Amino acid sequence: MKYLIVGLGNIGSEYHETRHNIGFMVLDALAEKQGLSLESDRLASTLTLRYKGRILYLVEPSTYMNLSGKAVRYHLDKHGVELENILVITDDLSIKFGQVRMRAQGSAGGHNGLKSIEEHLKTQAYPRMRIGIGSEFSRGGQVDYVLGKFSEEEQIVLPKIIEHCVQGILSFATQGVGRTMSQFNAKNLIDPA
């Protein structure tokens with residue numbers, strides 16, 4: 001079984017570890033856990049992982065967020081991965097920080113990376129992991145917020161959130177989206193009460 005695991009973000013040091021780059025951060029953590037790192041490839045940085053008899057193609061598009069779909073389409077075709085075996089990892093303003101939601105399909109919800117993927121795949125029917133970054137910004141401050149770094153308080157719990165997402169990816173590849181959603185979506189990673 002082959003899987004395409006796509007972490008969304010923007011290339012360049014000015015975007016490193018910003019809220020919008022949480023997808024890259026999750027894939028980097030998964031690679032690091034295996035003692036590996038992603039390497040430059042066509043339209044993306046990539047890594048092929050083997051896990052419990054599955055092949056996971058990790059992809060971080062180098063096309064910038066708004067053109068992510070181009071890289072996803074290319075690597076999907078290159079590796080011959082079925083649409084239901086894609087998992088796109090992205091930030092989400094409409095979800096509180098500390099919460100993560102996996103869905104089998106859904107709308108782009110105003111996210112330019114997801115819009116681009118939808119445009120290139122001609123469907124909304126692909127799994128995605130949406131990582132809450134909250135919406136703690138004043139009117140007109142959305143761009144600065146998503147392209148800003150996590151606060152000091154957020155950075156304390158960020159490793160726990162990233163590890164939860166890494167486990168979610170591995171579960172997705174071994175148990176499927178349905179079972180993973182039921183275990184994965186219920187957790188509140190900041191306040192377990």
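Which element supplies the largest share of the lining of the second largest pocket? The answer is α1, with five residues. Helices here are DSSP runs of H or I with at least four residues, strands are runs of E with at least two, and both are numbered from the N terminus.

Colleagues, a word on the basis of these values. This is a predicted model, in which local features need pLDDT of at least 70, side-chain atom pairs count only at pLDDT 80 or more, and totals for chains, interfaces and linings use all residues. Residues are numbered from 1 along each chain as its sequence is written, and side-chain values use heavy atoms, with hydrogens and water left out.

I begin with the pockets. On a 1 Å grid over the protein atoms alone, a pocket is an open set of points where a 1.4 Å probe fits, with protein on both sides within 12 Å along at least five of seven lines; lining residues have an atom within 4 Å of a point. A volume is the space filled by probe spheres set on the points, which are joined across faces, edges and corners.

The second largest pocket holds about 280 Å³ of space. Of its 15 lining residues, H16, E17, F24, M25 and D28 lie nearest the centre. Besides α1 (22-33), β4 (54-61) also supplies at least two residues of this lining.

The largest pocket holds about 460 Å³ and is lined by 25 residues, with H20, L93, G110, H111 and N112 nearest its centre. Here α4 gives the most, three residues.

I turn to the aromatic rings. Rings of Phe, Tyr and Trp (its six-membered ring) pair if their centres lie within 6.5 Å; planes under 30 degrees apart count as stacked, over 60 as edge-to-face and the rest as tilted. The whole structure contains four such pairs. One of them, Y15 with Y64, is edge-to-face, at 6.4 Å centre to centre and 75 degrees between the planes. Because Y15 lies in the loop between β1 (2-7) and α1, and Y64 in the loop between β4 and α2 (68-79), the pair ties together parts 49 residues apart in sequence. F97 and F150 have ring centres 5.9 Å apart and planes at 50 degrees, so this pair is tilted. Both F97 and F150 are buried, that is, under 20% relative accessible area with a 1.4 Å probe and protein chains only.

Finally, the charged end of R19 sits over the ring of Y145, 4.0 Å from its centre; the criterion is NZ of Lys or CZ of Arg within 6 Å of the ring centre and within 35 degrees of the ring normal.

Key
Buried < 20%, exposed > 50% of the residue type's maximum accessible area, 1.4 Å probe, protein only.
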